[in-house]
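These are notes for a colleague opening this model for the first time. Please read them with the structure in view.

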Amino acid sequence: MPDFDLNYFEQGFVKFAVHTRPVSLQNDGGKRAAFKKELQEITCQSEYIVTGTCWIAIDYYCQHIRREKNPGVYDIDNIIKPILDGLTGERGLIIDDVVVNRVVVNWIDTPHDDWFEVEIEYPDLLFSRKADLVFLKSPSGWCFPSSHTLIANDGYIALMSKYFATWNSLSTEEDYYNSVYDLPIQNFIYYVKIRDKGFQFVEFPAIEHGTLGGTQEISA
């Protein structure tokens, strides 16, 4: 059983093993879907999900002879995307692979059947309890991870209005660096990236007009 205890999440990393062979990006959709389901049977056990920038390390354990003498062996880069897809969404451990800034993959010899291990590090300690997570969605399509408790606070809504206005105003790298200290550490995520991943969204209609008009819950 993987340990997805709060104490581990508070330390900025989570690590778990998957005792099955990873699939390749080149496998058909059925195999990739079955692999994702199997992976998420593990990750859905976590009450928590990473919402900010993270780094991922994958150790793929495979018999040396199978890797070296198998003409159909997976290229190591082809196993990355199916694993990342399985890690994302409400049943996963990260909100979307857009928050992944680095991926390291290693092949390691083993005398046993194929399996792999995943480690996720998130240096900014940005994570949320899944049951509390809700995304504020602006008219521009940009979303921000939040919670039901926070969005009930008028001061928080006022602060988020400023954050969204600043984020929506950026168009160049110079703009970003001139405004970076007026932005939160937490990532903004575009709606189309996460709309079908099981999350809850709340409209934030007045953000771009500079006035507060409340929030309205919408479906995923």
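1. Contact here means heavy atoms within 4.5 Å. By that rule, and not counting residues up to four places away in sequence, L25 touches R32, N78, K81 and P82. The C-alpha atoms of L25 and K81 are separated by 6.4 Å, although the two are 56 residues apart along the chain.

2. Some ground rules follow. The model is predicted, so local features need pLDDT of at least 70 and side-chain atom pairs count only at pLDDT 80 or more, while totals for chains, interfaces and linings use all residues. Residues are numbered from 1 along each chain as its sequence is written, and side-chain values use heavy atoms, with hydrogens and water left out.

3. The protein has 8 helices and 11 strands. Both are DSSP runs numbered from the N terminus: helices are H or I with at least four residues, strands are E with at least two. Among contacts with a separation of 6 or more, 76% join residues 24 or more positions apart.

4. Buried residues make up 44% of the 220 residues. Buried means under 20% relative accessible area, exposed means over 50%, and partly exposed is in between (1.4 Å probe, protein chains only). The accessible surface comes to about 11600 Å², and 48% of that belongs to carbon and sulfur atoms. These areas come from the Shrake-Rupley method with a 1.4 Å probe; for residues, only the protein chains shown count as cover.

5. The largest nonpolar core has 39 residues, of which F16, I56, L87, I94 and I120 touch the most other members. Such a core is a set of buried Ala, Val, Leu, Ile, Met, Phe, Trp, Tyr and Cys residues joined through side-chain atoms within 4.5 Å. Strand β3 (residues 54–62) gives the largest share of this core, 5 residues. Another core, of 14 residues, lies apart from it and includes V134, Y163, F164 and F188.

6. F16 deserves a look. Beyond four places in sequence, the residues that F16 touches include P2, F4, L39, I42, L87 and L93. F116, E117 and V118 are also among them.

7. Which residues of helix α4 are buried? Within α4 (residues 80–87), they are P82, I83, L84, G86 and L87. These buried residues pack against β1 (13–18), α2 (29–43), β3, β4 (100–109) and β5 (115–121). Just after α4, G89 takes a positive phi of about 95°.

8. L93 lies in the loop between α4 and β4. Is L93 buried or exposed? L93 counts as buried because its relative accessibility is 0%. Leaving aside neighbours within four places in sequence, L93 is in contact with residues including F4, F9, F16, Y48, I49 and I120.

9. L25, in the loop between β1 and α2, counts as partly exposed because its relative accessibility is 42%. L125, in the loop between β5 and β6, is at 43% and therefore falls in that class too. Phi of L125 is near 55°, a positive value in a residue other than glycine. D182 lies in the loop between α7 (173–179) and β9 (189–190), and its relative accessible area of 47% is why D182 is partly exposed. Beyond four places in sequence, D182 is in contact with Y163 and T166.

10. The largest pocket holds about 300 Å³ of space. Of its 14 lining residues, F127, S128, P145, S146 and L150 are the closest to its centre. The elements giving two or more residues to this lining are β6 (127–129) and β8 (142–147), and β8 has the largest share, 4 residues. A pocket is an open set of points on a 1 Å grid over the protein atoms alone, where a 1.4 Å probe fits, with protein on both sides within 12 Å along at least five of seven lines; lining residues have an atom within 4 Å of a point. Grid points are joined across faces, edges and corners, and a volume is the space filled by probe spheres set on the points.

11. The second largest pocket has a volume of about 180 Å³. Its lining includes T53, W167, Y176, P184 and F188.
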